[in-house]
Amino acid sequence: EFARLLKSAAPADRAAYAGVATALGMLGTQRSLGLLTSLLSDERVAVRLSAVKARGRVRGQATGALIAALDDTHFTVYLEATHLLGQLGDPKAVPRLADKLANPGIGGLALQQKAAQALGSIGALGPNGASVTALMEATHAPHDVLVRASARALGQLKYGADASALTEAISALKRLASDHPAISVRLEAIRSLVAISSMQSAELGAFVRKALRSERDWQVRETLVRALGRLWGTSAATALTEIAEDVSEDLGVRVAAIQTVIELGVASELAWSVADTVWTQHADDPAWIAAKLRQLDGGEPTAAGQGRLLVTSWPGATDYAPVEALLQHLRRSDSVNHLWQRDGYWEKFEQQSERLGWLRLPDEMVLMLPAFQHFAEEVAREGVRDIVVMGMGGATQGIYTYLQAFGARPEGAAF
């Protein structure tokens, strides 16, 4: 019956393909899985894509089929297969993923990025350290997005007793953290260095301290400050206190130093007439700490209330101008930069709701432009003339905006 449905479905009836493939996977019998696997070689792209997605849901039996799908000729199929292999976490996929990272073929940069992410998600080194070798090579790529994905993956691998692989990874990450021109890459490399250090490391801490002396970007300096606390532990208290008390230092970096000191439980070493309990109470409130620093430096007074919600009590606020007071508060606390980096308050917000991924879309989605163009041309070849977008408002308004901004080609589909 399923085979009959597939044969009778119209070329553009993707819903039918997806429904059949999902049902075959849910049945889970040898016969249904065999038919599902056979769909991976179907001439219709929509059928193959539906089969890959359905195969990915059959955990424990999907790795082989998904590895085979890496060689598909259509971007939607091999990118989905790569993503699902990372989710499955089966070390058997490491050799092929490492090969795709090194030799992506028609997949290009988009496939390389997906392969790096999948290797990191799996976490296994693979035969002869295949993951490390491929990721190390990718850190020399000319594309920042691939280097960043590779740096992140190196921090996710489980090195175990392989000291040689760990040493190589640390060497590559230190190079990226020190010398790479892209801020996003340096940030990722620092985070990965901390991640693969299973315990406090005096050597890596010394590297971070040295990097702090030469790094000029405030975002990277904040990350280095937090890394120093993680790698040196309470031994970093003196250095962090010096940074926090340095009035010439970037305000966000000083806030990070105070928060790190509080996390280490050595806030009493701060040479200020502020009770440790007060600092601890506001440890997660970078705006309050920034205001307190300004007060201690002899600058503007702090808000009368405690916490970020009482911003209308900021000096100069009136019953008629709360918005302006709020804007002043946001400028002083460098809130926009904290939002962009998703640190402090925004780090916990993102962990709970995962709603800030759009901040990276301009960097990440540009890789998909060739794939989107290919998809549009394929839809046109299939004869699709009318497209209906069903969303909650934002999705449909986006389509209208594109049409008004760029216009529609005469041969294009109608929305």
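1. A salt bridge is a side-chain nitrogen of Lys or Arg within 4 Å of a carboxyl oxygen of Asp or Glu. In this predicted model, Asp71, Arg96, Asp99 and Lys100 are linked in a network of such bridges. By this rule the count comes to 8 salt bridges.

2. Some notes on method. The model is predicted, so local features need pLDDT of at least 70 and side-chain atom pairs count only at pLDDT 80 or more, while totals for chains, interfaces and linings use all residues. Residues are numbered from 1 along each chain as its sequence is written, and side-chain values use heavy atoms, with hydrogens and water left out.

3. The protein chain has 24 helices and 0 strands; helices (H or I, at least four residues) and strands (E, at least two) are DSSP runs, numbered from the N terminus. Buried residues make up 46% of the 415 residues, where buried means under 20% relative accessible area, exposed over 50%, and partly exposed in between (1.4 Å probe, protein chains only). Contact means heavy atoms within 4.5 Å. Among contacts between residues at least 6 apart in sequence, 58% join residues at least 24 apart.

4. A nonpolar core is a set of buried Ala, Val, Leu, Ile, Met, Phe, Trp, Tyr and Cys residues joined through side-chain atoms within 4.5 Å. The largest one has 94 residues, and those touching the most other members are Val52, Leu66, Leu97, Leu101, Leu135, Tyr159 and Val225. Helix H16 (residues 251-264) gives the largest share of this core, 8 residues. A second, separate core of 7 residues includes Phe75, Tyr78, Met368 and Ala371.

5. Which residues of helix H7 (residues 94-102) are buried? They are Val94, Leu97, Ala98, Lys100 and Leu101. These residues cover an arc of only 160 degrees around the axis, which puts them on the same side of H7; the arc is that of the directions from the helix axis to the C-beta atoms. The buried residues of H7 pack against helix H6 (75-88), helix H8 (108-122), helix H9 (130-138) and helix H10 (144-156).

6. Ser150 is placed in helix H10. With 0% relative accessibility, Ser150 counts as buried. Apart from neighbours within four places in sequence, Ser150 contacts Ala116, Leu135, Ala138 and Thr139.

7. Arg186 and Glu215 meet at 2.9 Å, N to O. Arg186 lies in helix H12 (residues 183-195) and Glu215 in the loop between helix H13 (202-214) and helix H14 (218-232), so the pair ties together parts that are 29 residues apart in sequence. Both Arg186 and Glu215 are buried.

8. In the second pair, the closest N and O atoms of Arg209 and Glu242 are 3.7 Å apart. Arg209 belongs to helix H13 and Glu242 to helix H15 (residues 237-245), 33 residues apart. Arg209 is buried, with a relative accessible area of 17%, whereas Glu242, at 47% relative accessibility, counts as partly exposed.

9. Arg221 is in helix H14 and Glu249 in the loop between H15 and H16, 28 residues apart. Both Arg221 and Glu249 are buried.
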